Amino acid sequence: MARKATATKAKTQPNVPQFTQEQDLEAFREMLLIRRFEEKAGQMYGMGLIGGFCHLYIGQEAVVTGITMASEKGKDAQITGYRDHGHMLVMGLDPKGVMAELTGRQGGLSKGKGGSMHMFSNEHRFYGGNGIVGAQVSLGTGLAFASKYSGDGSVSIAYFGDGAANQGQVYESFNMAKLWNLPVVYIIENNKYAMGTSIERAAATTDFSMRGASFNIPGEQVDGMDVRMVYDAAQRAIEHARSGKGPYILEMLTYRYRGHSMSDPAKYRSKDEVTKYRQERDPIEQVRARLLEGGSITEEELKKIETEIRAIVTEAADFATNDPEPDAAELWTDITIEA
C-alpha cells in the first residue's frame with residue numbers, strides 16, 4: 001500500500017501581519033534603494049557602460065527585503081542566481097562596489113571580473129550570483145551542510161526561480177537536505193514567466209510550494225509583493241530550519257516588471273498585465289501608502305528619503321564610471337591551475 005506524503009502545505013493566515021513604523025521605514029528604504037539602483041543599472045546598460053547579461057530585480061524587491069529582515073545578518077548565508085544585485089544591497093554591501101562590478105571596474109566586489117551575474121562577499125556571507133540555472137540550490141544545500149557540521153547555528157537561504165524549480169539537481173538537493181535535516185530555507189521566486197515562458201506552459205504542477213512533498217519538506221505560498229507577508233513567513237521558515245527541523249520551502253508569488261534580462265523585450269505578456277501589477281500590487285507603493293495613512297510620516301519626509309537614495313545611487317554610478325579597469329595581471333589571480 002502506498003504511503004501518503006506527510007509534508008503539509010501551511011495554511012494562509014487570515015490576518016495580515018502588521019509592521020511597526022520603524023519596520024515600514026526600513027523596508028521602504030531598502031526596497032527603494034533596490035528600485036532606484038536597478039533603474040540606474042538599466043540606464044547604464046543602455047549607454048553601453050555595462051556589458052554582458054544584466055537581470056534586473058524591479059518589482060520583486062519585497063522578497064529579498066522581507067527575508068533579510070527576518071534573518072540574522074552576518075550569520076545566515078544567502079545564495080541566489082543571476083538576478084542578484086538587490087540581494088547584495090539589502091545584505092549591506094556597498095552600492096559603489098556593486099555598481100562597479102557591473103561596469104567591470106577594479107573597485108567592484110569581485111574585482112571587476114564577475115560582472116552582473118557573479119558577485120560574492122564572504123564577509124557578508126553572500127555566495128553569489130550564479131549563472132548556471134539551479135546551481136545555487138546545490139551550493140546552498142552545501143552551505144547548510146557546512147553549518148550543521150560546524151554547529152554554528154546559521155541558516156542557508158537559497159533563492160531560485162520558477163524556471164529553475166524544474167531542474168533535476170533541485171530535487172537531489174531536497175532529498176539530501178531532508179535526509180540530514182539541514183538548516184536550509186529554499187525560496188522559490190515565482191515571477192510567473194521564468195526566462196520567457198509562463199508557468200502554465202512549462203510546469204506540470206504550478207504550486208511550487210509543494211515541490212518538496214515527496215521528501216517530507218513543508219512549504220507554503222506567500223504573497224511576495226507584500227513585504228509584511230514575506231517577513232512573517234520567513235520568520236517561521238528560518239526558525240524551523242534553525243531549530244533542527246530541517247529544510248523549508250517558501251514559494252514567493254512575485255512579478256518582475258522588466259524582461260528576463262535587458263535583452264528581453266518581454267513580448268510574451270501584455271502591457272496591461274504589467275501596468276496592473278504596477279498600479280495595484282507594487283511593493284514599494286504599498287509601504288508608502290501605509291506610512292502616509294499612519295499620519296506620523298509626511299509626503300515631504302518620504303521625498304527626503306527618496307532624495308537620499310537617489311544621491312547614493314548617483315554616487316555609485318559616478319564611481320562605477322570613473323573607477324579604473326582591473327590590471328591585466330588580475331587575469332591570473334583567484335584561480336586554481338592544475339598541472
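Q: In this predicted model, what share of the contacts between residues at least 6 apart in sequence join residues at least 24 apart?
A: Start with contacts in the protein chain whose partners sit at least 6 apart in sequence. Then keep the ones whose partners are at least 24 apart. That share comes to 76%.

Q: How does the radius of gyration of the protein chain sit against the globule rule?
A: The chain holds 11 helices and 5 strands. For 339 residues the globule rule gives 20 Å, and the chain comes out close to that, so it is as compact as a globular protein of that length. The radius of gyration itself is 20 Å.

Q: What percentage of the 339 residues is buried?
A: Along its principal axes, the C-alpha trace spans about 65 × 65 × 40 Å. The chain exposes about 15,700 Å², with carbon and sulfur atoms supplying 53% of that area. As for buried residues, they make up 52%.

Q: What is the strand order in the open sheet?
A: The sheet has 5 strands, and the pairing is parallel. β1 (77-79) and β4 (219-223) each pair on one side only, which makes them the edge strands. From one strand to the next, the twist averages 20°. Written out, the order is β1-β2-β3-β5-β4.

Q: Which residue in β5 is the bridge partner of Gly-219?
A: β4 runs parallel to β5 (residues 248-253), and 5 bridges join the two. On the β5 side, the partner of Gly-219 is Ile-249.

Q: What angle does helix α2 make with β2?
A: Helix α2 covers residues 61-70 and packs on the sheet. It touches β1, β2 (156-161), β3 (184-190) and β5. Its direction against that of β2 makes about 170°.

Q: Which strands does helix α8 lie across?
A: Helix α8 takes in residues 227-245. Against β4 it runs at about 160°. The strands it lies across are β2, β3, β4 and β5.

Q: How far is Gly-66 from Ala-234 in space, C-alpha to C-alpha?
A: Gly-66 has its place in helix α2 and is buried, with a relative accessible area of 0%. Leaving aside neighbours within four places in sequence, Gly-66 is in contact with Val-227, Val-230, Tyr-231 and Ala-234. Gly-66 and Ala-234 are 168 residues apart in sequence, yet in space the C-alpha atoms are separated by 7.4 Å.

Q: Which kind of aromatic pair do Phe-160 and Tyr-186 form?
A: A search of the whole structure turns up 11 aromatic pairs. For Phe-160 and Tyr-186, the ring centres are 6.4 Å apart and the planes sit at 75°; an angle over 60 degrees is what counts here, so this pair is edge-to-face.

Q: Where do Phe-160 and Tyr-186 lie, and are they buried or exposed?
A: Phe-160 is in strand β2 and Tyr-186 in strand β3, so their pair ties together parts that are 26 residues apart in sequence. Relative accessibility is 2% for Phe-160 and 0% for Tyr-186. With the cut-off at under 20%, Phe-160 counts as buried, and Tyr-186 also counts as buried.

Q: What is the pair of Tyr-255 and Tyr-257 called?
A: Tyr-255 is buried at 0% relative accessible area, and Tyr-257 is buried at 5%. The ring centres lie 6.5 Å apart with the planes at 55°, so the pair is tilted.

Key. Residues numbered from 1 in each chain as written. Predicted model: local features only at pLDDT ≥ 70, side-chain atom pairs only at ≥ 80, totals over all residues. Heavy atoms only, no water. Pairing = 2+ DSSP bridges. Helix = DSSP H or I, 4+ residues; strand = E, 2+ residues; numbered from the N terminus. Axes fitted to C-alpha atoms, helices over the stretch in contact; angles between N-to-C directions. Contact = heavy atoms within 4.5 Å. Rg over C-alpha atoms; globule rule 2.2 N^0.38 Å. Buried < 20%, exposed > 50% of the residue type's maximum accessible area, 1.4 Å probe, protein only. Areas by Shrake-Rupley, 256 points an atom, 1.4 Å probe, with all protein chains shown as cover. Phe/Tyr/Trp six-rings, centres within 6.5 Å; stacked < 30°, edge-to-face > 60°.
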